[in-house]
Amino acid sequence: MNKETLVSGINKFWDDKIIPTLIEYIKIPNKSPSFDPDWEKHGHMDKVLDLAVNWANENKLIGSTLTVERTPGRTPIILLDVPGTVDGNILMYGHLDKQPEMEGWAEGLGPWEPVMKDDKLYGRGGADDGYALFASIASINALQEQKIDYPRILVLIEFSEESGSPDLPHYMNICSEVIGVPDLVICLDSGAGDYKRFWTTTSLRGLIGLKMKVEVLSEGVHSGGASGHVPSSFRIARALLSKLEDQNTGKVLLDELKTDIPEHRIKETETLVSILDDEVVQEFPWKDKMKPSTDNKVEGVLRRTWKPALSIVGSDGLPSTANAGNVLRPYTTLQLSMRIPPMVDAKKATKEIEKVLKNNVPYDATIDLDFEEAADGWNAPETSPWLLDAIDKASNNYFKEPPCSIGEGGTIPFMAMLGEQFPNAQFVITGVLGPKSNAHGPNEFLHIPFAKKLTCCISSILSDYK
Ligand SMILES: [Zn+2]
């Protein structure tokens, strides 16, 4: 494959075709069904689907067929089938649903306002994971332009990833014949340790989400008259949380949520820290003198990739401070987000959380637990020598630096499904979510020069497929 032709071709494709479309994409508030239960009525998903399908047809890959699968009541999926010129079956994956807005966008920026600044395209969903479909097509297009052989490639784009991919198992089932048995899975929905090299993700954490409601009264009463005698629902919720985690250290207490970290993953983390050093701490927007949970950087990275951790991501029953009367409130609801390590069984972990929370509830308060679809984490199988070489060559050619692997603390439910269903498949899980790109938070951006180089690398890896 001619390097210079690839670089100039990919850069032009991004500038002329991808960036203008991503700008339109960012404007559409296509929130994942969990965050927009009325998504069908709102029609944003249809708008995105039209945008993507029209674009793919305008930039049609030679010989390709595009289909939209759509079962009533479910989000759709896009399947773009590109027949190959050599043996093999590659599955490329991305998603076109988005996280909700979040607060804290900087002046002049906003979730649905695309802004290009310093080679970064700001706005919700550009980096996570709007670019994936377009970049996948760009990488295959480059192969066709240079008349390079490639195996059959199926690009699969889903629309419920940010809700835990509830609709994917269904489509995996009804499309199993079209999908076949992938030899290689390429996923463009992951992270990067910096913007200087090609990153591959070697593990992902799983996720258990649940609403925990604690009720103490049938209606709120004057706190002056009741507090002390009537236990507070907040205090009970706090006590329940302490059954899950040590409130002083953040360590999760349940053994069912822990795993023995493989030795080679610890080594990999040490290598990562030796390359990135302080950046593994500085990538977070710390407030004032705030310190991390540990001074040991390797341990810090392992805590966010191979250990369980609890976040409280939402609440009900608590008025805003500006509207908070002195009331002993009838209930407190907390949304719990428990990340679990790779190799932990999410279903077993869910059962354990349920058991612990429902056991010995203080004062016999009424507890209601509403679990979301739990997702397993993922640990990469050993990478084939040809693929290691291909990744190495790609990173050196297009970044002028060797590649690096990284464990990710986030979750891509589909990777666990694929890993289980296709144990012999190889994986290239990569993405543009580098330092400060802030997917899910405010000020999400897509680092355009990095995305262009990453697209070149994908094209190069495809061209080396064996
Ligand atoms: Zn994503």
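Visitor: Of the 87 residues in the largest nonpolar core, which touch the most other members?

Guide: In this predicted model, they are W14 and L446. A nonpolar core here is a set of buried Ala, Val, Leu, Ile, Met, Phe, Trp, Tyr and Cys residues joined through side-chain atoms within 4.5 Å. Buried means under 20% relative accessible area, exposed means over 50%, and partly exposed is in between, using a 1.4 Å probe and protein chains only. Helix α4 gives the most to this core, with 11 residues.

Visitor: What should I know about the numbering and the confidence limits?

Guide: Residues are numbered from 1 along each chain as its sequence is written, and side-chain values use heavy atoms, with hydrogens and water left out. As this is a predicted model, local features need pLDDT of at least 70 and side-chain atom pairs count only at pLDDT 80 or more, while totals for chains, interfaces and linings use all residues.

Visitor: Which residues does W14 touch?

Guide: A contact is a pair of heavy atoms within 4.5 Å. Not counting residues up to four places away in sequence, the partners of W14 include I19, P20, L22, Y131, A135, L446 and I448. Apart from that core lies another, of 27 residues, with M338, I353, V361 and I367 among them.

Visitor: Back to α4, where does the helix bend?

Guide: Helices (H or I, at least four residues) and strands (E, at least two) are DSSP runs numbered from the N terminus. A bend at a residue is the angle between axes fitted to the seven residues ending there and the seven starting there. For α4, residues 126-145, that gives about 40° at A132. Of its 20 residues, 19 are buried, so α4 is largely enclosed by the rest of the structure. Just after the helix, K147 takes a positive phi of about 55°.

Visitor: Is D118 buried or exposed?

Guide: D118 counts as exposed, at 62% relative accessibility. K400 is exposed too, with a relative accessible area of 63%.

Visitor: In what order do the strands of the open sheet with β8 run?

Guide: Two strands pair if DSSP finds at least two bridges between them. Here 3 strands are ordered β15-β8-β16, with mixed pairing. The edges are β15 (378-379) and β16 (404-408), each pairing on one side only. Helix α9 (residues 263-276) packs on this sheet, touching β8, β15 and β16. Between β8 (residues 199-204) and β15, which run antiparallel, there are 2 bridges, and L204 has W378 as its bridge partner in β15.

Visitor: How many helices and strands does the chain have?

Guide: The chain comes to 15 helices and 18 strands. Its radius of gyration, taken over C-alpha atoms, is 23 Å, close to the 23 Å of the globule rule (2.2 Å times the number of residues to the power 0.38) for 466 residues, so the chain is as compact as a globular protein of that length. Of those 466 residues, 52% count as buried.

Notes: Axes are lines fitted to C-alpha atoms, for helices over the stretch in contact, and angles run from 0 to 180 degrees between N-to-C directions.
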